[in-house]
Structure formats: structure tokens, C-alpha cells
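Here is a short briefing to read alongside the sequence and the 3D view.

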Amino acid sequence: AETMLVFVVPVYNEAENLPRLLSDFEGRPELFSSGGRLVLVDDGSTDGTPDLVREYHGRVPVELVQLERNQGPGVAFRTGFEAVLADCADNSLVVTLEGDTTSDLNALPQMLQREAEGAELVVADWRMVNVSRVRRLLSRSAGFVVRRALGLQAKTVSSFFRVYRASALRHGFDRYGDEFMRETGFACKAEILVKLTALGVRVEEVPVPLDWSRRLGKSKMPVLRTMLAYWRMLLRLRLAGAPS
């Protein structure tokens with residue numbers, strides 16, 4: 001049987017980008033051929049994003065999970081993961097990506113191939129195109145912090161674009177419970193990587209272009225706050241020690 005793909009995408013004020021995101025998926029009906037779905041987690045948008053999702057009646061099987069107020073991508077991901085893990089098989093794949101269409105879906109087949117060959121978490125290793133200097137610096141320093149302090153090999157720690165085997169995510173929630181995803185902001189992706197790596201989950205990377213010129217509107221990532229969150233997380237994990 002084909003492996004089911006479930007997409008979990010946090011969206012916050014993405015009314016400008018959402019039509020393009022949905023059309024990217026519409027052009028790839030094969031992604032939903034085995035009964036998968038696209039779960040959009042609205043993180044308290046104020047620009048009509050949830051209404052656009054509700055009014056959509058195209059070919060993509062879309063579900064809306066709505067948070068009443070903006071709480072950050074960490075909360076949105078955790079809510080989305082809990083929603084899909086409630087009823088998907090262990091061998092299903094949970095795919096996460098940016099809601100602003102900067103994740104290149106053309107790279108997905110290669111990422112899925114890696115999973116088929118044994119990886120339990122495949123991370124997009126960004127090759128930045130049209131990305132601001134500040135952003136590059138943030139990405140590099142985040143990667144440096146996590147690699148140096150947490151002993152991870154991964155180059156890209158902050159990318160939303162990932163393929164998780166459902167069993168690996170379940171393992172994380174079972175083992176850590178509420179502690180699995182403490183970071184509410186953008187540092188959540190590094191935290192997940194650290195914790196799943198500590199549990200022995202097999203992680204691999206695939207180089208993927210990240211093209212910021214596709215996105216409309218400003219990025220939602222608060223650079224300084226995100227950097228502080230990385231350092232705070234680092235300190236917390238160091239004090240707690242890696243799980244046994």
C-alpha cells in the first residue's frame with residue numbers, strides 16, 4: 001500500500017500567500033492519492049486567512065485547525081501534530097512546510113525517497129536564494145549554536161520543511177510528554193531535532209533551494225527574539241541533560 005502523506009502547515013496572516021500555496025498543492029494531486037490531507041493550523045490570524053481556508057472548495061483535501069490567538073509556530077505545530085497523530089498509522093508521513101510558499105515542493109520526492117530508504121526524519125537543508133543578509137546570519141548562527149552546543153550534525157536546524165515518520169513523532173510525544181515541544185516560537189524546530197536525535201531517530205538532510213522572492217509580504221520571524229530563544233533552549237537542555 002502507498003504511504004499516506006499528511007501535511008501540517010502553520011499559517012499566520014498568510015491571506016496573500018495562501019492561494020498560491022493551495023495552487024501548488026492542486027498541481028500535485030498525486031500527493032493525496034493515498035488518502036492524505038493538508039492540515040492548515042491558523043495561528044490566530046487577523047487578515048481573513050481562516051475564512052479563505054473555509055471558503056476553499058478546490059481539489060485539495062484541506063482541514064482547518066484554528067487557534068483563537070497568535071501563540072507562535074511551536075504551539076501551532078504541536079496542535080497540528082496532536083490532531084493528525086490522533087488518527088494516522090505509524091508508517092504515515094507527516095510533512096511540515098512554510099505557509100508562505102518558500103518551501104519548494106519539487107524537492108519532496110527526493111525527501112520521500114530518503115525516508116523510503118530508512119530515514120525517519122528528513123530535513124530540508126536550505127540553499128538560500130534571494131534571502132536577506134540578516135536572515136542568512138540568523139540561520140547560520142542558529143545552526144552554529146545547535147551544532148556546537150548540542151552536538152548535532154544537521155546543517156539546517158530551523159527549516160519548517162521536513163518529512164517525519166509518524167512513529168518517530170509519536171515516540172517523541174510518548175517519551176517527553178509535554179516537555180517534547182516547550183519552545184512556542186521558531187526555535188521549536190531545533191528543539192524537535194535535538195530531542196528526536198537523542199531518542200536515536202535517524203535524521204537525514206536533502207539540499208533544497210529556499211527562494212524568498214516567491215513570498216508576498218513580510219516574514220513573521222522576529223529575528224532577535226528567535227536568537228534569544230535558541231540560547232534559552234540551549235541553556236535549559238544543558239541544565240536538564242540529554243534524556244537517557
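**The overall picture**

Among contacts in the protein (heavy atoms within 4.5 Å) between residues at least 6 apart in sequence, 82% join residues at least 24 apart. This is a predicted model, in which local features need pLDDT of at least 70 and side-chain atom pairs count only at pLDDT 80 or more, while totals for chains, interfaces and linings use all residues. Residues are numbered from 1 along each chain as its sequence is written, and side-chain values use heavy atoms, with hydrogens and water left out.

- The secondary structure comes to eight helices and seven strands; helices (H or I, at least four residues) and strands (E, at least two) are DSSP runs, numbered from the N terminus.
- Of the 244 residues in the protein, 52% are buried. Buried means under 20% relative accessible area, exposed means over 50%, and partly exposed lies in between, with a 1.4 Å probe and protein chains only.

**How α3 packs on α6**

- Two packed helices are described by the angle between their axes and the distance between the axes.
- Helix α3 (residues 73-85) and helix α6 (residues 166-176) have axes that come within 11 Å and cross at roughly 115 degrees. That makes α3 roughly perpendicular to α6, a label for angles of 65 to 115 degrees, with under 35 counted as roughly parallel, over 145 as roughly antiparallel and the rest as oblique.
- The axes here are lines fitted to C-alpha atoms, for helices over the stretch in contact, and angles run from 0 to 180 degrees between N-to-C directions.
- The crossing of α3 and α6 is left-handed, meaning that the near helix is turned anticlockwise from the far one by less than a right angle.
- On the α3 side the contact is made by R78, F81, E82 and L85, and on the α6 side by A166, L169, R170 and F173.
- These contact residues divide into five nonpolar, no polar and three charged. Ala, Val, Leu, Ile, Met, Phe, Trp, Tyr, Cys and Pro count as nonpolar, Asp, Glu, Lys and Arg as charged, and the others, Gly among them, as polar.

**Salt bridges**

- The structure holds ten salt bridges, each a side-chain nitrogen of Lys or Arg within 4 Å of a carboxyl oxygen of Asp or Glu.
- One of them pairs E63 with R37, with the closest N and O atoms 2.6 Å apart. This pair links distant parts of the chain, 26 residues apart: E63 is in strand β3 (residues 62-67) and R37 in strand β2 (residues 37-43).
- E63 is partly exposed at 34% relative accessibility, whereas R37 is buried at 11%.
- Another joins E204 to R114, where the closest N and O atoms are 3.2 Å apart. E204 lies in strand β7 (residues 203-211) and R114 in helix α4 (residues 108-116), so the pair ties together parts that are 90 residues apart in sequence.
- E204 is buried, with a relative accessible area of 19%, while R114 counts as partly exposed at 23%.

**A covered helix, α7**

- Nine of the eleven residues of α7 are buried, among them C188, I192 and L196.
- Within α7 (residues 188-198), K195 and E191 are four residues apart, about one turn of the helix. Their side chains meet in a salt bridge (2.9 Å, N to O).
- Both partners are buried: K195 has a relative accessible area of 6% and E191 of 0%.
- G200 follows α7 and has a positive phi, near 85 degrees.
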